[in-house]
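This briefing covers ring contacts, a pocket and some backbone features of one structure. Please read it alongside the model.

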Amino acid sequence: MDYFQILCAISIVILTIYYYYSSKYTFWKKRGISGPKPIIFFGNFVDSIIQKRSTSEAVKKWYDDYKHESVFGIFGGTTPLLVINDLDMIKDVLIRDFSLFVDRGFHIFPKIEPLSEHLFLLEAERWRPMRMKLSPIFTSGKLKEMFFLIMESAGNLEKYLDEVIKKDEMVECRELAAKFMTDVIGSCAFGINTNSLLEEDSEFRRMGKKISTPNLKVMLGNICKEFFPPLYEIVGSIFTLKDVNEFFINLVSDTMKYRKDNNIIRSDFINMLMQLKEHPEKMENIELTNTLLTAQAVVFFVAGFETSSSTMAFSLYELAQNQEIQDKLREEIRNMHEKNKGVLTYTDVKEMKYLDKVFKETLRKYPILPMLFRQAMENYTFKDTKITIPKGMKLWVPVHGIHHDPNIYPEPEVFDPERFEDDAFASRHPMSYLPFGDGPRNCIGARFAHYQSKVGLITILRHHKVNVCEKTTIPFKADERSFLLTLKGGVHLKITKI
């Protein structure tokens, strides 16, 4: 065989592969659904893979380009994904027809990632009973019982701030908030004093950083998992954070054993997991291994400190740029403290209306999870449309795009807590605000996240002023390495005592 024949053979193979993969991208066109043009092999995620654009920015860009359509189609690799813009259709998926969209559509690799079988990722069969059994720990009654633990961590935050101010340095507020949240969750969920605020080398905080800090190893693992799952089944273990897994598995197992041996009962998340383990018959034939139980504790820890610390930092970021809003909020905080002689209660936080508006506007402008995920459990036709999707189809709700739609929120880049006056809030479609999702599979810890973030803001703003500094990133620029919405370079601000 001469070189020309070899070249022809190679060309035919390449063209065959190209044609095969190109044919995958006719899925939406055949169905008359618009969408951005995909790139072979990688679909619409090349910019995110090469870190040219963050996922949150990509979601917003796609939404802006196709918001005149009720839906549009994209591709994750060669897998078609349907993005839903129409708010009534979103309500159908999240609430009205929830039973047909219970799953989030993530592939789990339990042998490679032992702590991935948690409430956020679990399929419907295990999610339903697990959600039902874990929900009681997040009721308002349980939060009232744990509120004094949050306030203990707030006391440590005040001490930490005193030390920070003495140094007269800029503060990276996301790290500050993450330390506070780690202490709160360590106490409320694990019954452990993590000392993240008072000890620089706190092991709990070190593990939290490993989980949340973007790095090349994790990024490559996520790419392999998304685009080459069969390969990930073989080589995925080289991308996992083994020391993090071992730390939490040992922590939860040892804590449970110690409590059982010493007959210790606390009203916290670990106690709830212990009750599940002692009564496995209530979990409908689910094998309650230590690893499965640990996964539930870890997702509470990770989701709790990651989302809440970012939200708290974003609030401070906006308040530093809007001093009149900061002054108004501080006045409400001080009035509440004076009313109750400096003793803050669960009810006090609930009654702070302006604080609630600031918190909601922060999550409107900075939704930490830029999209929601669902998967069709069977073939489905959207009401009053000709749009039919097959069983197994993955759907996205573009939260970041919706939250920045000027037709819903005029001047969306302006930070305006008054958008959440009762009348204004009631006038908008209920699906126009989705920082914690909606429906039966919304964020189980949303109420807890509200309270720990608000207590952190109250603690900082009561006696301190937050200002921008030379290192503050303005305008906002999302970190391209992070799947969640984070500010590139961190939230650097100046905090001074008043």
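The charged end of Lys360 sits over the ring of Phe425, 5.1 Å from its centre; a charge counts as over a ring if NZ of Lys or CZ of Arg is within 6 Å of the ring centre and within 35 degrees of the ring normal. This is a predicted model, in which local features need pLDDT of at least 70 and side-chain atom pairs count only at pLDDT 80 or more, while totals for chains, interfaces and linings use all residues. Residues are numbered from 1 along each chain as its sequence is written, and side-chain values use heavy atoms, with hydrogens and water left out.

**Second largest pocket**
- Lys360 and Phe425 are among the lining residues closest to the centre of the second largest pocket, together with Asp356, His450 and Lys454.
- The volume of this pocket is about 830 Å³. A pocket here is an open set of points on a 1 Å grid over the protein atoms alone, where a 1.4 Å probe fits, with protein on both sides within 12 Å along at least five of seven lines; lining residues have an atom within 4 Å of a point. The volume is the space filled by probe spheres set on the points, which are joined across faces, edges and corners.
- Helices H16 (346-351), H17 (353-365), H19 (422-427) and H20 (446-463) each give two or more residues to the lining; helices (H or I, at least four residues) and strands (E, at least two) are DSSP runs, numbered from the N terminus.
- H20 supplies the largest share, 5 residues.

**Aromatic rings**
- The whole structure holds 32 aromatic pairs; rings of Phe, Tyr and Trp (its six-membered ring) pair if their centres lie within 6.5 Å, with planes under 30 degrees apart counted as stacked, over 60 as edge-to-face and the rest as tilted.
- Phe27 and Trp28 are edge-to-face, because their planes lie at 90°, with the centres 4.8 Å apart.
- Phe373 and Phe483 are stacked, 6.1 Å centre to centre and 20° between the planes.
- Phe373 lies in strand E4 (372-375) and Phe483 in the loop between E8 and E9, so the pair ties together parts 110 residues apart in sequence.
- Phe373 is buried (under 20% relative accessible area; exposed is over 50%, partly exposed in between, with a 1.4 Å probe and protein chains only), whereas Phe483 is partly exposed at 40%.

**Backbone**
- The peptide bond from Ile474 to Pro475 is cis, with omega near 0°.
- Asp168 has a positive phi, near 55°, and is exposed.
- Asn263 also has phi near 55°; its relative accessible area is 65%.
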